[in-house]
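This briefing is meant to be read alongside the sequence and the model. Please keep both in view while going through the points.

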Amino acid sequence: MPDKDVLSPQTLQTIYRHAAETYPEECCGFVFADACVHQGQNIQDQLNQLDPEVYRRSAANGYTFAVADTLLLNRSLRGDNPARVIYHSHPDVGAYFSSEDVDKALFMGQPIHPVAYLVVDVREGQAHGAKLFEWSGEEFVCSREFPAPLDGRQ
Ligand SMILES: [Zn+2]
């Protein structure tokens, strides 16, 4: 479960900026236990172009980490500064945990990683807040809500 201060205002600001930069595509990344943010690379568009039958979603409505990101994530989970939060953005649809997000987070009905998931609400290139989702033992529930950035700029 995320440490209390992992999602500090500064950390959120970094994530909001990432979400604004990649708009209208989804951004993705993770936050380590020491609150450092790793900005991942969303390769969903490459997958979609490679095989649109299998990878139906584009980067506008889906995300897949680059292999290097996945390796870093998995390595961190075995080390002393594990990833605590995986984040991605939802351009123009609001911050909710979609059935696609649930599928991505579970394997055989159990969470793949011991992390929480942050979904950023980004609209017209501006982050409007975020919601954190955690596994309750049965389902993902929204455990925290973060407001829009105070200064309105990213
Ligand atoms: Zn999503």
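The points below cover the overall fold, the metal site, the charged pairs and some backbone details.

The model is a predicted one. The chain has 154 residues and a radius of gyration of 15 Å, which agrees with the value near 15 Å for a compact globule of that length. A zinc ion is coordinated by two histidines and an aspartate, namely His88, His90 and Asp101. The chain also holds two salt bridges and a cis peptide bond between tyrosine 23 and proline 24.

**Overall fold**

- The chain contains four helices and eight strands.
- The C-alpha trace spans about 40 × 35 × 30 Å along its principal axes.
- Of the 154 residues, 45% are buried.
- Among contacts between residues at least 6 apart in sequence, 61% join residues at least 24 apart.
- The accessible surface of the chain is about 8300 Å², and carbon and sulfur atoms account for 51% of it.

**Zinc site**

- Along the chain, the donors follow the spacing H-x1-H-x10-D.
- The arrangement of the four donor atoms is irregular because they subtend angles of 57 to 157 degrees at the zinc ion, whereas a tetrahedral site would need all angles to lie between 85 and 135 degrees.
- Histidine 88 and histidine 90 are both buried.

**Salt bridges**

- Side chains of opposite charge can pair when their charged atoms come close.
- One of the two salt bridges in the model joins glutamate 100 to arginine 57, with the closest N and O atoms 3.4 Å apart.
- This pair links distant parts of the chain, since its residues are 43 apart: glutamate 100 belongs to helix α4 (residues 99-105), and arginine 57 to the loop between α2 (44-50) and α3 (67-77).
- Glutamate 100 is partly exposed at 32% relative accessibility, and arginine 57 is partly exposed at 30%.
- Arginine 123 forms a salt bridge with aspartate 121, and the closest N and O atoms of this pair are 2.7 Å apart.
- Arginine 123, with a relative accessible area of 38%, counts as partly exposed.
- Aspartate 121 has a relative accessible area of 9%, so it falls under the 20% limit and counts as buried.

**Backbone details**

- The peptide bond joining tyrosine 23 and proline 24 is cis, with omega at about 5 degrees.
- Proline 24 sits in the loop between α1 (9-22) and β1 (28-32).
- Alanine 35 has a phi near 75 degrees, which is a positive value in a residue other than glycine.
- The loop between β1 and β2 (37-39) holds alanine 35, and this alanine is partly exposed with a relative accessible area of 22%.
- Methionine 108 is not a glycine either, yet its phi is positive at about 50 degrees.
- Methionine 108 lies in the loop between β4 (106-107) and β5 (110-111).
- The relative accessibility of methionine 108 is 73%, so this residue passes the 50% limit and counts as exposed.

**Loop positions**

- Aspartate 92 is in the loop between β3 and α4 and is partly exposed, with a relative accessible area of 42%.
- Leaving aside residues up to four places away in sequence, aspartate 92 touches Tyr23, Val122, Arg123 and Glu124.
- Tyr23, one of these contacts, is also a partner in the cis peptide bond, and Arg123, another of them, takes part in the salt bridge with aspartate 121.
- Between the C-alpha atoms of aspartate 92 and proline 149 the distance is 17 Å, for a sequence separation of 57 residues.
- Glycine 79 is in the loop between α3 and β3 (83-91) and is partly exposed, with a relative accessible area of 40%.
- Glycine 79 and valine 119 are 40 residues apart in sequence, and their C-alpha atoms are 25 Å apart in space.

Technical notes: Residues are numbered from 1 along each chain as its sequence is written. This is a predicted model: local features need pLDDT of at least 70, side-chain atom pairs count only at pLDDT 80 or more; totals for chains, interfaces and linings use all residues. Side-chain values use heavy atoms; hydrogens and water are left out. Donors are N, O and S atoms within 2.8 Å of the metal (3.2 Å for Na, K and Ca); water is not among the atoms, so sites may look incomplete. Four donors count as tetrahedral if all angles lie between 85 and 135 degrees; four count as square planar and six as octahedral if opposite donors are over 155 degrees apart and all others between 65 and 115; anything else is irregular. Buried means under 20% relative accessible area, exposed over 50%, partly exposed in between (1.4 Å probe, protein chains only). A salt bridge is a side-chain nitrogen of Lys or Arg within 4 Å of a carboxyl oxygen of Asp or Glu. Helices (H or I, at least four residues) and strands (E, at least two) are DSSP runs, numbered from the N terminus. The radius of gyration is taken over C-alpha atoms; the globule rule is 2.2 Å times the number of residues to the power 0.38. Contact means heavy atoms within 4.5 Å. Accessible areas come from the Shrake-Rupley method with a 1.4 Å probe; for residues, only the protein chains shown count as cover.
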